[in-house]
Amino acid sequence: MSLAGKTAVVTGGSRGIGRAICLRLAQMGARVVINYVSRPEAAEETRAQVEALGGECSLFQFDVADTAGVQDAFQQIAAECGSIDILVCNAGITRDNLLLKMKEEDWDQVMAVNLKGAFNCIKAGCRPMMKKRWGRIIIITSVVGFAGNAGQANYSAAKAGLVGLTRSTARELASRSITVNCVAPGYIDTEMTSGLPDAVKEKILAEVPLNSLGTPEDIAAAVAYLASDEARYVTGQAIHVNGGMFMG
Ligand code: NDP
């Protein structure tokens, strides 16, 4: 599954699942553009790890929710790299609370980053793919976008929205040989989940037939497949990587 000669943009590629995706795509030969927003030191660490694998990469700081900033960044990326072949919309945040206690700003922020952020990046990133008549767009949604989760009305609504975005965009871009799919992780061991109390983690594990949290590399493996030529006939789909906790 070689991606030699291809450029991959990974939003939120600086740590967690995004970092594992950057490393995996670099191992497959892609030039990797690592996006981050607030922690340049994490992005630099990912760059160092990609380069240690012999990979080529660059860092781009932008907020996926900032439409004008995204447009500028993608123009610069296309100019610098010559093309954008693979886009992984991975950047995401949580602002959890029960619906009745959820502040409007927590709803808006989660929607802006998780859902509108993907819209912004796809809109800006698909033009070079359309010209080239080849592309791979991979969106990281979540098990809670399918199953729901108490305390995550904003996040699960945004993640469910990404499934609709995936399917509609897949239909629009198919004639240009651009596939659009999503990966729906279960509970993965990253900073996003490290703050969960042990009691909550134990409750989650009790619902996972494979009886462990997933790793960022588990998600990167699904992304690697979808990015490859082998997945050319797969579009508009969701791959669930969740240890069996939800069987959609
Ligand atoms: P982390 O919190 O570990 O990392 C989040 C990444 O997103 C960071 O690189 C961060 O950059 C970046 N980011 C956050 N906001 C923005 C923004 N506005 N613009 C650009 N980049 C941004 O998260 P995970 O690795 O755990 O999650 C990655 C994706 O997987 C998310 O979409 C998440 O919803 C999804 N997911 C995660 C699960 C899990 O259990 N961990 C389960 C299901 C889905 P910086 O460091 O610069 O702020």
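The model is predicted, so to speak of local features a pLDDT of at least 70 is needed, side-chain atom pairs count only at pLDDT 80 or more, and totals for chains, interfaces and linings use all residues. Residues are numbered from 1 along each chain as its sequence is written, and side-chain values use heavy atoms, with hydrogens and water left out.

Strands here are DSSP runs of E with at least two residues, and helices are runs of H or I with at least four, numbered from the N terminus. Two strands pair if DSSP finds at least two bridges between them. β5 covers residues 135–140 and runs parallel to both partners below.

| Partner of β5 | Residues | Bridges |
|---|---|---|
| β4 | 86–89 | four |
| β6 | 178–185 | six |

On the β6 side, G135 stands opposite I178. Six of the six residues of β5 are buried (under 20% relative accessible area, 1.4 Å probe, protein chains only). G135, I137 and I139 lie on one side, with R136, I138 and I140 on the other.

**Helices α3 and α4**

Two packed helices are described by the angle between their axes and the distance between the axes. For α3 (residues 67–81) and α4, the angle is about 30° and the axes are 9 Å apart. These helices are therefore roughly parallel to each other (an angle under 35 degrees). Their contact (heavy atoms within 4.5 Å) involves residues including F74 of α3 and N120 of α4.

Conventions:
Buried means under 20% relative accessible area, exposed over 50%, partly exposed in between (1.4 Å probe, protein chains only). Axes are lines fitted to C-alpha atoms, for helices over the stretch in contact, and angles run from 0 to 180 degrees between N-to-C directions. Angles under 35 degrees count as roughly parallel, over 145 as roughly antiparallel, 65 to 115 as roughly perpendicular and the rest as oblique.
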